[in-house]
Amino acid sequence: MNNLTACPLDCYDACSVRYENGRLKGDTGHPVTQGYLCPHLNHYAEYERITQPRYRGEAVSMKEALRILTERLREAAPHTVLHYRGGGNMGVMQRATDHFFAAYGATLTRGSLCDGAGHAGIIAGRGANYALAPEEIAKAEVVIVWGRNLHTTNSHLLPFLKGKTLIVIDPVRTQIAEQADFHLPIKPNGDLYLALLLSRFLIIEGSEDKAFLEAYGSEHEWFYELTQTVRIKKVLDSIDVSLGDIGRLLEMVVGKRTVILAGIGIQKYANGAATMRAIDSFGALLGLFGKEGCGVSYLGDSLSGVGLPFERKAKHYETVANLPFHKYELVFIQGANPASQLPDTARVLDSLSKAGAIVYFGLYENETSQLADLVIPAKSFLGKEDIRASYGSDYLQYAPMLRMEEAGIGEYELAAQLCGEFGVAIESEEGCIEQIMASSEPAEPGYFRIRGRQQPPYRDGFETDDGEFVFLDEVDYDFNLEEGMFLLTSKSPRSLNSQFRREHAAYLHPDLGFAEGTRVRVSSAVGSVELEVRHDDRLRRDCVLIYSGTPGVNYLTTSRLSDEGENAIFQDEKIKVEPC
Ligand SMILES: Nc1nc2c(c(=O)[nH]1)N[C@H]1C(S)=C(S)[C@@H](COP(=O)(O)OP(=O)(O)OC[C@H]3O[C@@H](n4cnc5c(=O)[nH]c(N)nc54)[C@H](O)[C@@H]3O)O[C@H]1N2
Ligand SMILES: Nc1nc2c(c(=O)[nH]1)N[C@H]1C(S)=C(S)[C@@H](COP(=O)(O)OP(=O)(O)OC[C@H]3O[C@@H](n4cnc5c(=O)[nH]c(N)nc54)[C@H](O)[C@@H]3O)O[C@H]1N2
Ligand code: SF4
Ligand SMILES: [Mo]
């Protein structure tokens with residue numbers, strides 16, 4: 001049996017994995033992921049899974065659990081049923097349940113907890129969001145890592161950056177910042193201003209790519225005017241960047257094959273879309289699009305070019321970042337832990353407590369499974385058929401069922417059973433796999449890439465109305481960089497959001513005077529949480545770092561949505577830290 005599969009976790013890398021003698025190993029043959037795995041998969045077998053379905057706290061059989069679910073769905077008016085699928089497993093077949101619930105008439109979700117603001121900024125400028133393939137990034141001379149923590153969240157890209165001039169823009173001295181030729185420890189959310197000022201000085205110097213702008217950016221004058229509205233001295237002071245820094249950065253990139261790798265760190269704010277679009281606009285002035293070894297790359301649209309056998313058009317949608325669970329008779333939660341990962345935990349818990357009934361379909365116990373009326377264990381990725389696409393490369397990987405699992409049920413199987421009960425048509429599992437894989441073509445022997453994707457992307461222009469790049473021409477500067485401490489809530493090397501080994505601390509610069517191990521109350525205008533102090537001298541003194549997945553962190557965050565992209569906002573609230 002072919003023992004090749006793909007890591008299902010929400011991660012840029014989408015590692016190719018071998019399952020040998022009951023163990024997971026990196027697949028050395030894969031051109032991008034090259035044979036090593038991160039701690040999540042290396043320790044995958046150690047995490048205790050849910051094996052027993054339960055209803056109102058009592059163990060029930062899987063058959064009984066599905067009977068209860070079916071009965072509840074029959075009793076409910078379809079529009080009072082909410083289906084929310086999170087990022088626990090990124091396999092394409094996870095969407096089989098969307099297909100059932102959409103056809104049944106349930107409310108589905110839209111918007112994002114993750115990359116939605118940046119994505120909206122990219123769509124506004126380029127019309128489509130394509131990432132650069134690692135092989136393309138490898139051709140760059142200079143790489144700017146802008147709000148992405150490569151060693152933690154995207155480590156398989158590191159081999160592709162060897163020997164390049166590295167610039168890192170991050171409030172934290174991350175591992176990649178340590179290795180950089182130039183690290184700019186910018187104040188959080190100073191990036192929009194930085195991109196505007198870099199653009200302004202690029203034009204003042206006359207170093208913009210005039211040929212590119214003539215062909216694809218004829219409206220850049222408006223953007224230049226916008227950059228002139230920024231008050232240089234005041235703004236530079238407020239973001240902790242000097243004129244010397246601007247000059248140095250420009251000197252490092254002008255005339256060089258440059259790649260900007262933007263992560264979600266730049267867009268965890270209300271204005272996240274504008275920030276991403278300003279970075280893109282700076283990239284366009286440099287003429288980075290459509291040229292070998294150049295570009296601006298974010299979390300790409302992993303399913304662009306992939307034909308899906310599943311329908312997801314629902315009659316009603318709710319935005320995920322502020323889901324009103326309380327409006328629903330039945331809430332079906334799959335692959336997600338909203339009681340921890342949605343912003344504004346106090347609101348979420350109150351809303352969940354008023355929902356009619358909660359169904360949790362997942363692998364692990366967590367805050368959400370504890371609240372659920374009906375708990376349905378899922379099969380792990382090794383026990384079901386799936387396909388993995390990536391938001392950081394063009395490969396499409398088949399992830400076949402590699403072992404029989406007694407416990408749990410696969411997403412396709414659950415969806416197919418429900419479709420059967422409610423007379424909804426669904427393609428066979430084999431047919432789905434075939435149809436999805438048909439979007440790919442053989443690349444290196446044994447591996448497949450999504451057909452029709454260009455590298456570098458945008459070689460023939462943009463997917464906008466006239467094929468040109470649409471520059472940012474308006475900004476709402478309504479954000480406060482002056483007072484208070486900033487919350488940084490990034491990804492931990494030990495957990496994958498709320499899966500695996502979760503953090504339990506607030507990380508602070510030692511100079512702030514809180515002793516390691518003491519407890520502090522961290523509060524914002526939204527709420528507060530008590531945590532243990534850990535020291536981290538890589539942090540600015542105006543930042544508190546509380547990793548994603550830390551129980552309680554989202555008591556601090558708001559349920560407002562980003563200005564564009566219907567995204568959650570995780571870092572807008574100013575923070576106070578007090579001993580308790
Ligand atoms: N180990 C591990 N890997 C993961 C995950 C995980 O939980 N754990 N989660 C996965 C998921 S769901 C996603 S979406 C990706 C995200 O992966 P990344 O895009 O890397 O996102 P983050 O770790 O949230 O933040 C990245 C960096 O942004 C910096 N940052 C924060 N605020 C700002 C700012 O205002 N400006 C600038 N310039 N930088 C800022 C942070 O210090 C951090 O170093 O990672 C995936 N990979
Ligand atoms: N404070 C703060 N909050 C954040 C973030 C942050 O950086 N800071 N990041 C946000 C981002 S980028 C994201 S993507 C979200 C992620 O938030 P969620 O989408 O809620 O993801 P997880 O916390 O990883 O929880 C996933 C659950 O999925 C289940 N699961 C895993 N595999 C499978 C499977 O194969 N089938 C089924 N049915 N279930 C499975 C597991 O039981 C696990 O508990 O969190 C967001 N929340
Ligand atoms: S979580 Fe990411 S780095 Fe770790 S094994 Fe999976 S795809 Fe690879
Ligand atoms: Mo994410």
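Which polar side-chain atom lies 3.1 Å from a nitrogen atom of ligand 1? I looked it up, and the atom belongs to Gln 571.

**Ground rules**

I am reading a predicted model, in which local features need pLDDT of at least 70, side-chain atom pairs count only at pLDDT 80 or more, and totals for chains, interfaces and linings use all residues. Residues are numbered from 1 along each chain as its sequence is written, chains are lettered from A and ligands numbered from 1 in the order in which they are written, and side-chain values use heavy atoms, with hydrogens and water left out.

**Entry: ligand 1**

I took a polar contact as a pair of N or O atoms within 3.5 Å; within protein, one must be able to donate a hydrogen and the other to accept it, and residues adjacent in sequence count only if both atoms are side-chain atoms.

I then listed the surroundings, counting a residue as near if one of its heavy atoms lies within 4 Å. There are 34 residues around ligand 1, and the closest are Asp 170, Asp 191, Tyr 269, Ser 495 and Asn 497. By type, I noted 14 nonpolar, 14 polar and 6 charged. Here Ala, Val, Leu, Ile, Met, Phe, Trp, Tyr, Cys and Pro count as nonpolar, Asp, Glu, Lys and Arg as charged, and the others, Gly among them, as polar.

**Entry: the first strands**

Helices (H or I, at least four residues) and strands (E, at least two) are DSSP runs, numbered from the N terminus. Two strands pair if DSSP finds at least two bridges between them. I saw β1 (residues 4-6) run antiparallel to β2 (residues 16-20), joined by 3 bridges. Thr 5 has Val 17 in β2 as its bridge partner. Val 17 in turn is partnered by Gly 26 in β3. β2 and β3 (residues 23-26) are antiparallel too, over 4 bridges. They form a hairpin with 2 residues between them, and Asn 21 in the turn has a positive phi of about 50 degrees.

**Entry: salt bridges**

I counted a salt bridge when a side-chain nitrogen of Lys or Arg is within 4 Å of a carboxyl oxygen of Asp or Glu. The structure holds 35 of them. Buried means under 20% relative accessible area, exposed over 50%, partly exposed in between (1.4 Å probe, protein chains only).

Asp 280 and Arg 126 meet at 2.7 Å, N to O. This pair links helix α13 (residues 272-285) with helix α4 (residues 116-126), 154 residues apart. Buried or exposed? Asp 280 is buried at 0%, and Arg 126 is buried at 0%.

Arg 54 and Glu 365 form a salt bridge at 2.8 Å between the closest N and O atoms. Arg 54 is buried at 18%, whereas Glu 365 is partly exposed at 39%.

Asp 27 pairs with Arg 18 at 3.6 Å. I noted Asp 27 as buried at 1% and Arg 18 as partly exposed at 25%.
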